[in-house]
Amino acid sequence: MSAPKSPSAEELLSFGLNPSWSRRVTFLNTAGTPVDWHVLDTGAGPLGTLVCVHGNPTWSYLFKDVLTTLAPGWRVIAVDQSGMGYSERNHPRRLSERIDELVQFCRQEVCGPVVLVAHDWGGPVAVGAAGHLNVQALILANTAVAKPEGVEVPPLIKAARALVDFSCRRTPMFVRGTAAMTTKEHRKALNAPYRSADRREAVRDFVADIPLGPDDPSAEALALVGTTFDQLTCPILLIWGGKDPVFHDRFLSDLRRRQPSASIERHPNSGHLVLLDGAVGPVIAQWLNLQASGLPADASDTLNDQLVDETVFSSLTRHSSDTSTIYRGPDGSLTWEDLGRRAEKASKVLAMGGLRPGDRVALLVPPSPDLLVAAAAVWRCGGVLAVVDPSGGLWSIRRLLRAQAPRMVIGTRRTLLGDRLFRFTPGSIAAGFGVRGVALDLDASIDAALPMVGLHREDLAAIVHTSGATGPAKAVRYTHGALTSQREALRALVQPEPDQVFTTSFAAFLLLAPVLEMSCVRPDIPIDQPSALGFDELFAASDGGPIGTAWLSPASARQLTKTAAGRSIAIGRTLLAGAPIPAPLAHSVKEITGGLVLAPYGMTECLPITGGEDPELIGPSGGTSVGFPVDGCTVKVVSLSDPRQALGDGQWGEILVNAPWMFAGYDGAWTKSEASTLDLDGISFHRTGDVGYFNEGRLYILGRLAHVLSTKDGPRASVAIEGPIATALGCEVAAVGVGPEGLQVVTVVLNTQGKLRLAEPNLALEARRVSNVPLAAVLEGTLPVDHRHQSKVDRTVLRDLVATFLEGR
Amino acid sequence: MLVTGSSSLLGKEVVAALSARGDDVCGFQRSASSPHRSITGDIRDRDAVMKAAEGNDAIIHLAALVAPKPSWNDAYAVNVVGTSNIVHAANELGRLVHISTPSVGFAHEPSMGGGAEAPAYAGRDRYARSKALGEQLVLKESTAQTIILRPHLLWGPGDTQLVGRLLERAAEGRLALPDHGRALIGTMYVDDAAAAIVAALDRTGDSPQLSGQAFLVTGGDPRPVGELVHGILAAFGMERKIASIPAPLAKLLGSVIERVWRGDEPPLTAFAAEQLSMAHWFDQRATESALNWQPQVSVDEGLSLLAAWASTELGQQFLNGLRHRNRV
């Protein structure tokens with residue numbers, strides 16, 4: 001058998017690799033036969049050793065970014081598997097032999113614990129070896145440890161397998177096809193070791209060894225790999241390209257289900273070769289450093305084991321024979337009793353349909369009694385609700401649901417048709433009301449009792465999405481523990497009274513009805529248009545009677561004031577989302593409702609944070625008060641230049657929050673979650689990205705951190721600049737900074753109709769006179785607002801517009 | 001020390017500032033009309049320059065030929081040969097402050113807070129090109145402790161360049177700005193420029209590490225051209241609506257006019273159109289810390305000072321002088 005030569009120094013240089021990394025290693029396998037491998041080895045590193053295992057048909061080049069980023073702190077060894085890359089060509093290997101070779105290689109070359117990194121079919125090899133080695137951490141990219149239930153063998157693999165000799169050995173089809181999955185710069189290097197048919201023998205053998213059925217030779221070895229993976233206790237990082245036609249998101253979903261605590265970094269725009277496409281080196285380095293510092297998991301282990309004594313929906317059991325109405329809307333009403341009975345039945349159907357605890361379920365049910373039943377049933381089974389906002393549009397729904405790869409989708413006939421048509425959740429089990437298949441409203445009685453699912457505080461309960469008003473929508477994870485704690489905080493905010501009704505313009509908030517134990521009425525408006533909720537719709541919803549609490553979006557609050565026309569409607573408590581709310585708006589709502597009007601501060605990641613304020617108060621340093629932090633929520637204001645430094649009363653900075661009802665990170669976005677978290681005094685805080693300050697216990701919001709102006713006199717908050725000018729001129733004003741960081745000059749734009757232009761000279765003079773900072777330019781024109789809520793001035797867009805305008809041409 | 005160009009707006013201010021703190025100042029100018037000690041001479045004449053420099057310890061070189069379209073021979077003779085003579089004289093004395101312009105680094109791109117570029121301008125504008133050659137020459141040949149300052153768009157009471165021309169144009173009703181004057185530009189009140197020059201002179205004495213460096217100096221308070229022009233006209237009670245032409249058209253017109261115009265003051269050049277239609281304000285954090293100087297007069301303060309001056313007898317004389325010139 002031929003031992004191919006290592007690549008020449010020139011060749012390695014042309015690939016962007018350091019020629020001194022290339023060396024050959026000979027070791028003995030368990031049978032005592034010498035094996036000759038080519039490896040890229042960066043040499044001694046004080047932090048530890050990574051061993052990287054490529055898949056088929058790539059080679060150690062795949063880890064270029066890992067090699068270059070992690071060395072010299074870490075020693076990185078990327079191996080060429082037997083028959084692959086520049087390693088020895090000889091007899092075909094089975095999975096078990098490949099595992100054995102990796103184990104023996106590591107035993108000879110690495111002393112101490114090892115970090116295994118693997119991609120594609122290197123994944124089963126590495127996981128198999130992990131069972132025999134002292135593994136410090138495991139990092140996997142677009143791979144599998146088993147064929148997930150319900151997933152077909154990828155058609156591309158099937159096709160390659162059918163004509164395996166032709167596609168993989170005789171022609172470079174498979175090699176070239178794989179290399180074509182990444183950018184051009186990598187293709188030459190990826191193809192290099194596989195230029196002739198005899199050098200591609202192992203490529204064919206690798207594909208031929210993939211177990212498609214239980215009788216294939218490596219089926220048993222792969223099954224063992226699956227078990228090993230499930231039992232691993234080391235930290236695991238999954239790096240995933242979301243555009244992989246072979247190892248698609250359902251494989252990720254399977255790995256996630258097997259190891260729920262794995263960190264996941266999903267690159268939605270990268271493909272199969274994510275290790276080359278995405279800048280993964282820095283992510284791996286950051287993740288490994290964090291594992292080394294020993295912060296994660298250990299401390300919260302005790303919490304992990306705690307069962308949730310009461311889930312958010314456990315009120316159902318208390319009200320099991322309560323015939324009072326819990327929900328009323330244009331699509332029917334629901335009593336407590338109905339809800340309990342229907343949910344219990346639906347949960348049995350779901351369990352029989354294949355839903356297991358921890359599985360994700362996409363909810364495509366419009367607000368209705370069915371929505372409440374479906375949510376209660378999923379939680380009863382221990383499932384995880386994935387909720388998307390329909391107003392984002394088809395593509396947004398598709399993008400968000402694809403990333404979830406839910407096991408099941410619950411919808412109506414119409415939404416399920418859409419789901420299949422647009423392939424939101426390919427391969428999921430469809431369930432719903434009035435549908436064939438898994439019919440949640442099945443009439444026949446089911447005798448078998450569903451065992452109670454023990455839910456732990458740390459178990460995932462729901463994935464909700466941020467509105468996308470500021471940047472692309474993010475998937476936010478909520479645990480059962482957080483939801484249980486949130487219930488108490490929301491009760492304090494809403495103050496439900498049993499005989500009063502609750503209404504809202506937010507479709508998802510309807511789920512709060514059984515949580516708050518308050519009868520909920522749904523106004524008759526399209527679910528994706530909160531702005532359609534005006535006076536008449538509210539009036540009709542309550543039959544003209546009083547409303548206990550209404551939770552409104554700023555858009556519907558505006559619509560309410562626009563359509564009231566001097567009439568009034570009794571609402572005891574109006575909660576306005578999107579704090580801070582302009583004081584005039586809060587005022588108008590108060591006049592119409594005659595009750596309390598509060599704009600509690602909070603966000604998808606943590607709600608609520610403060611209790612709101614009535615009436616609105618303008619702070620001594622600008623901004624509107626959002627009231628006092630609610631019980632149980634810790635709010636800190638920290639320095640912009642050093643977020644570890646907490647600031648005192650009156651000093652403004654970034655707002656950090658911690659509450660038991662806080663989210664549990666962004667889903668599939670480990671780096672983003674890390675960046676939004678800050679540990680202070682042993683407490684993990686969420687960085688809100690908002691700026692503000694405390695004054696006599698009240699929190700005042702000064703806008704977004706991203707909108708802070710970086711002037712030569714230091715940072716300036718946009719809201720603090722805008723306040724006095726808006727008051728003096730009686731119009732909406734937005735302040736933006738143009739120029740390089742640390743040297744930005746302040747420009748204010750007065751909101752008037754039309755294109756951006758220099759303001760009338762007398763307006764400019766007046767603005768300068770009242771401004772608390774020097775202004776470089778005073779402009780006027782229509783202010784851009786976020787397309788989502790149509791309520792917040794998009795200062796990022798405005799800043800670019802202003803910069804282009806002032807730059808001239 | 002010797003101050004060339006001492007009869008100019010800035011020259012007078014510098015001489016006054018230095019005299020006020022008791023320095024022994026001698027002006028050097030083409031025609032004698034100064035309350036301070038001065039020598040009449042031509043910087044193109046090396047002997048005259050060398051003779052005038054004798055007995056001084058430093059030169060502040062302000063003299064330059066500034067015009068929209070000077071003859072190249074004149075521009076070269078004053079801004080390059082003249083500068084060469086000054087450098088020679090300063091090499092004997094040991095200290096030099098050379099006054100340049102940000103235009104020497106102009107690359108037909110807007111600057112939004114950019115830094116000092118190399119003096120590589122080689123375009124059609126003769127003033128900027130000759131000043132760029134002059135600065136290159138200073139960098140190459142000066143052996144004295146040398147600091148180069150590039151003050152940007154000076155204005156103030158008695159300024160015939162920016163203020164004077166604006167008032168003339170406005171009076172004639174032929175003032176138009178590209179795109180309503182939306183470009184953000186940094187300018188400088190004359191007192192601040194004088195203070196910066198005095199600071200630079202002192203630094204040639206106490207900070208040898210700064211030698212050979214060029215610093216941008218502005219008032220650090222940029223404004224849109226349109227607002228600035230409006231403010232200056234308003235200071236003289238000449239508020240009026242300013243016409244606008246699209247910036248690309250202005251550039252086109254400028255390049256046509258400068259080619260066909262006979263004489264050194266075409267009403268518009270491509271260079272002027274570019275300067276008026278593109279942002280140019282600068283990062284002068286390095287300047288402020290190196291010179292240990294900071295601008296004191298904001299645009300608004302400068303405008304009130306200008307308005308106050310406009311209502312004085314001097315201001316009225318200035319305005320009448322412009323009117324008189326127009327009639328001729």
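In strand β15 (residues 438–439) of chain A, Val438(A) is the bridge partner of Ala431(A). This comes from a predicted model, in which local features need pLDDT of at least 70, side-chain atom pairs count only at pLDDT 80 or more, and totals for chains, interfaces and linings use all residues. Residues are numbered from 1 along each chain as its sequence is written, while chains are lettered from A and ligands numbered from 1 in the order in which they are written.

β14(A) and β15(A) pair in the parallel sense over two bridges; two strands pair if DSSP finds at least two bridges between them. Helices (H or I, at least four residues) and strands (E, at least two) are DSSP runs, numbered from the N terminus. Strand β14 (residues 429–432) of chain A also pairs with strand β13 (residues 408–411) of chain A, in the parallel sense and over four bridges. Here Met408(A) stands opposite Ile429(A) in β14(A). Between β13(A) and β14(A) the chain passes through helix α19 (residues 413–422) of chain A, giving a right-handed β-α-β crossover. Right-handed means that, with the strands pointing away from the viewer, the path from the first strand over the helix to the second runs clockwise.

## Leu640 of chain A

Leu640(A) lies in the loop between β24 (634–638) and β25 (653–658) of chain A. With 17 other C-beta atoms within 10 Å, Leu640(A) is partly exposed. A residue is buried if 20 or more other C-beta atoms lie within 10 Å of its own, exposed if 12 or fewer, and partly exposed in between, with C-beta atoms placed from the backbone.

Neighbours within four places in sequence left aside, Leu640(A) is in contact with Gly653(A), Glu654(A), Val708(A) and Pro715(A). Two residues are in contact if their C-beta atoms, placed from the backbone, lie within 7 Å. Leu640(A) and Gly432(A) are 208 residues apart along the chain, and their C-alpha atoms are separated by 49 Å.

## Helix α9 of chain A

Helix α9 (residues 201–209) of chain A is mostly covered, with eight of its nine residues buried. Among the buried residues of α9(A) are the charged residues Glu201(A), Arg204(A), Asp205(A) and Asp209(A). Ala202(A), Val203(A), Phe206(A) and Val207(A) are also among the buried residues of this helix. The buried residues of α9(A) pack against α3 (95–109), α5 (155–162), α6 (164–170) and α7 (173–179) of chain A.

## Chain A overall

Chain A has 28 helices and 34 strands. Its radius of gyration is 30 Å, close to the 28 Å that the globule rule gives for 809 residues, so chain A is as compact as a globular protein of that length. The radius of gyration is taken over C-alpha atoms, and the globule rule is 2.2 Å times the number of residues to the power 0.38.

The C-alpha atoms of chain A fill a box of roughly 90 × 70 × 45 Å along the principal axes. Of the 809 residues in chain A, 53% are buried. Among contacts in chain A between residues at least 6 apart in sequence, 65% join residues at least 24 apart.

## The seven-stranded sheet of chain B

Chain B contains an open sheet of seven strands in the order β3-β2-β1-β4-β5-β7-β12, with parallel pairing. β3 (38–40) and β12 (213–217) of chain B stand at the edges, each with a single partner strand, so one side of each is left without a neighbour in the sheet. The twist averages 20 degrees from one strand to the next.

Strand β7 (residues 145–151) of chain B runs parallel to β12(B) and is joined to it by five bridges. Within this pairing, Leu149(B) has Phe215(B) in β12(B) as its bridge partner. Helix α3 (residues 72–93) of chain B packs on the sheet, where it touches β1 (2–4), β4 (59–61) and β5 (95–99) of chain B, and its direction makes about 160 degrees with that of β4(B). Axes are lines fitted to C-alpha atoms, for helices over the stretch in contact, and angles run from 0 to 180 degrees between N-to-C directions.

## Chain B overall

Chain B has twelve helices and 15 strands. For its 328 residues a compact globule would have a radius of gyration near 20 Å, and the 19 Å of chain B agrees. The C-alpha trace of chain B spans about 55 × 40 × 40 Å along its principal axes.

Of the 328 residues of chain B, 54% count as buried. Residues 24 or more positions apart account for 78% of the contacts in chain B with a separation of 6 or more.

## The side of chain B that touches chain A

In the interface, 23 residues of chain B are in contact with 20 residues of chain A. On the chain B side, the elements that give two or more residues are β6 (111–114), β13 (223–224) and α7 (225–235) of chain B. α7(B) gives the most, with three residues.

The residues on this side of chain B divide into nine nonpolar, six polar and eight charged. Ala, Val, Leu, Ile, Met, Phe, Trp, Tyr, Cys and Pro count as nonpolar, Asp, Glu, Lys and Arg as charged, and the others, Gly among them, as polar.
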